[in-house]
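Hi,

Here is the model I promised to pass on.

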Amino acid sequence: MNTPSIIISGSPHIHSDRTSKKIMYDVVLALIPAFLVSLYIFGIGALIVTSVAVFSCLLFEYLIQKYLLKTEVTISDGSALITGILLAFNLPSGFPIWMIIVGSLVAIGIAKFSFGGLGFNIFNPALVGRVFLLISFPVQMTTWPTSIDNQTTIFDAVTGATPLGIIKEGLMFGETMTEISTKIPSTLDMLLGITGGSLGEMSSLALIFGGLFLILRKVVTWHIPVVMILTIVVITGIFWRIDPQQYANPLIHILSGGAILGAFFMATDLVTSPMTKKGMVIFAVGIGLITVVIRLFGAYPEGVSFAIIIMNAFVPLINKYFKPRRFGAKIKSKII
Amino acid sequence: MLKTFPKGGVHPHENKLTSAKAIKKMPVPKVVYVPISQHIGIPSIIVVERKNKVAIGQVIAKSGGYVSSNIHSPVAGTVTKLDKIIDSSGYKKQCIVIRTDAKNSSNFDEIKFPLKEEILLTPSEILQQITKCGIVGLGGATFPSHVKLILKEDNKIDFLIINGVECEPYLTADHRLMLEKADEIIVGIKILMFALHIKKVVIGIENNKKDAIALFKKLLKNEDRIKIAALKVKYPQGSEKQLVKAILKREVPKNGLPLDVGVIVHNVGTVFAIYEAIQYNKPLIERVVTVTGKKLKNPSNYWVKIGTPIKDLIEEVGGVPEETRKIVNGGPMMGKAIKNTDMPVTKGTSGILVISKEEASRKEVENCIRCGECIFVCPMGLEPFLLMNLCERGMYKRASIEDIMTCIECGSCSYVCPSNRPLLDYIRFGKNIARKLETVKN
């Protein structure tokens with residue numbers, strides 16, 4: 001025995017340099033382009049909403065871990081940071097600060113820690129926070145400062161509706177799509193973010209850019225975003241072909257509302273999405289389907305949040321029934 | 001497009017520090033420790049006694065059954081003790097201690113072994129000779145080779161695959177052997193073709209050994225029965241099931257063997273040992289071992305006598321570096337960390353890896369974030385995160401239903417887990433218990 005200090009452990013003896021922390025901070029990086037766009041459009045309002053959401057999410061996580069659960073504090077792992085940013089991205093700029101704090105408490109306290117903390121939550125915490133706020137404070141949650149004008153008058157009451165809201169309202173009053181289309185921003189404006197809506201869902205282009213970064217960094221795979229968007233395109237496309245005066249075209253459905261933000265950043269949340277590629281496809285189709293049903297036939301103009309939360313509930317079931325194919329399964333063995 | 005297996009796998013840093021280093025002869029040690037269970041299956045039965053004089057290559061422990069193997073004295077000398085020694089499994093195992101008689105031990109080394117191409121034995125004699133010479137799979141699994149060669153009537157074998165993949169990082173023993181003994185390996189392949197009546201052979205080599213691929217292609221230019229498959233570098237391609245899938249697109253059934261899809265797989269090292277056994281009646285008493293590690297002074301490849309203490313090898317490359325934290329028998333992905341360096345090199349030792357402190361320390365275990373990475377990399381289509389959860393909770397029957405027994409313990413899941421979860425540790429543990437439950441049931 002010439003080396004008293006050696007240790008033994010099971011193989012493997014090396015590890016890849018992938019860490020949960022790196023994954024989390026990649027997501028944060030991917031959200032930066034969209035944040036910059038919202039900063040440009042909404043000015044300081046976007047900054048305030050985002051910082052309050054992030055700060056309160058981190059604070060609640062710290063307080064719960066330190067004083068309630070008395071466990072190790074893990075606020076630096078980046079997960080609460082993401083929850084804060086995503087929650088802010090789902091709120092209108094100029095949203096009352098105390099409501100943001102309430103939303104953060106619901107997101108971190110109820111959606112995350114009452115289920116056991118990171119990795120154990122069934123529902124996407126940021127979306128639970130958002131839906132809680134939407135149901136509790138529907139007026140404030142749908143008071144959208146109009147984009148460009150608002151740059152100078154931050155907390156002004158100048159408000160407009162989202163394209164999806166305008167369409168839903170217009171159709172309710174019996175207007176045709178041709179009439180409505182004059183009131184909503186052009187497709188290009190929607191792509192760039194010159195439109196109304198929540199903080200982070202403005203520029204589809206910036207979101208897609210961030211989403212591609214996540215796919216390239218192998219944080220998420222293409223399955224959920226691509227399938228979810230395709231599902232929305234196909235179903236809204238069918239309705240649009242049937243009656244273009246009663247149904248908006250698929251491009252509007254994709255570029256407005258939370259479809260892109262949801263597809264790349266919310267539905268792909270590692271913890272609350274299925275773990276196999278087959279499962280991801282089923283999950284994404286479900287989200288697309290429910291989104292369209294809510295948008296076209298529901299009371300709310302927008303349905304991505306609800307759709308994702310509903311499908312989150314199915315994830316354990318999907319994981320159970322859509323398993324990876326076992327190597328050599330169903331091939332008859334001569335020996336056994 | 002290079003061939004590879006379709007599902008799972010990882011690509012760790014290759015770190016093949018010794019691929020350009022020719023295999024050197026390790027000096028004959030003063031004392032050898034020869035364990036009697038160096039192979040999978042029944043331990044061999046000791047046939048020598050204390051104070052017996054043994055000749056080099058003499059049988060000192062005979063095969064204990066069908067799945068077992070003869071063990072020969074790697075040196076000439078005197079049996080000093082029948083002792084127990086801790087081997088890389090961590091348990092004390094019976095072993096034969098032989099003090100080397102320096103004068104007579106180089107017998108085999110002095111004989112030159114010129115290439116001998118003509119095969120003089122009949123297929124059944126070849127089989128007998130392989131059994132007699134104690135040849136086992138040298139790729140790591142140490143499965144007695146003769147068992148793979150005895151075919152039942154309904155086995156229709158049409159392909160022989162030669163495994164020159166060496167997908168483990170750091171190890172270069174097979175690589176060097178292919179470069180230095182290519183002609184002999186080819187004769188070995190022909191012996192196997194003759195014994196098994198197989199007409200089609202593929203040698204699978206990963207593309208990080210381009211020189212070996214080129215060499216075999218050159219030597220086999222006029223031989224259309226033997227093909228070379230250059231494979232994309234991906235771990236664990238050296239696993240039989242993955243290799244058969246990569247090369248022939250045939251999928252070995254769950255709980256089955258390559259035999260079930262008409263394939264026999266042998267490692268290049270084994271093929272060379274078979275060559276020597278058949279052509280020169282030389283038993284398996286030495287093998288190539290890569291002694292490697294980033295902090296070692298002079299990592300190298302050696303011809304090592306079975307039974308040589310691992311500490312002798314490490315001394316030979318310049319001693320244990322100061323900041324060493326782990327010493328591994330085998331490669332970094334599947335090798336076994338050893339408790340001390342007194343234990344010997346056995347038939348299954350393909351490398352000795354010395355790992356420094358920073359590489360050896362495991363990072364803190366965090367919560368599973370359900371990223372599914374372990375599922376994506378599992379070459380067997382299992383769900384490692386689920387198996388670990390089940391084993392943590394003692395649900396071994398459920399784990400059995402989730403196919404825990406088909407895990408090949410390649411370690412890709414633990415390697416890749418961003419939360420540093422000890423997936424394979426739990427799976428290995430669960431497999432042991434599930435296996436016991438299965439035996440109790442039967």
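I began with chain B, where strand E4 (residues 53-54) and strand E7 (residues 77-86) run antiparallel and are joined by 2 bridges. Strands (E, at least two residues) and helices (H or I, at least four) are DSSP runs numbered from the N terminus, and two strands pair if DSSP finds at least two bridges between them. Val54(B) sits opposite Gly77(B) in E7(B).

A word on the source: this is a predicted model, in which local features need pLDDT of at least 70 and side-chain atom pairs count only at pLDDT 80 or more, while totals for chains, interfaces and linings use all residues. Residues are numbered from 1 along each chain as its sequence is written, and chains are lettered from A and ligands numbered from 1 in the order in which they are written.

E7(B) also pairs with strand E8 (residues 92-100) of chain B, antiparallel over 9 bridges, with Leu82(B) opposite Ile96(B). The two strands form a hairpin with 5 residues between them, and Gly90(B) in the turn has a positive phi of about 95°.

In chain A, helix H5 (residues 125-136) has 9 of its 12 residues buried, so it is largely enclosed by the rest of the structure; buried means that 20 or more other C-beta atoms, placed from the backbone, lie within 10 Å of the residue's own. Among the buried residues are Leu127(A), Arg130(A) and Leu134(A).

Finally, the contact between the chains (C-beta atoms, placed from the backbone, within 7 Å) takes 39 residues from chain A and 60 residues from chain B. E15(B) gives the most to chain B's side, with 5 residues.

Best wishes

Terms used:
Two residues are in contact if their C-beta atoms, placed from the backbone, lie within 7 Å.
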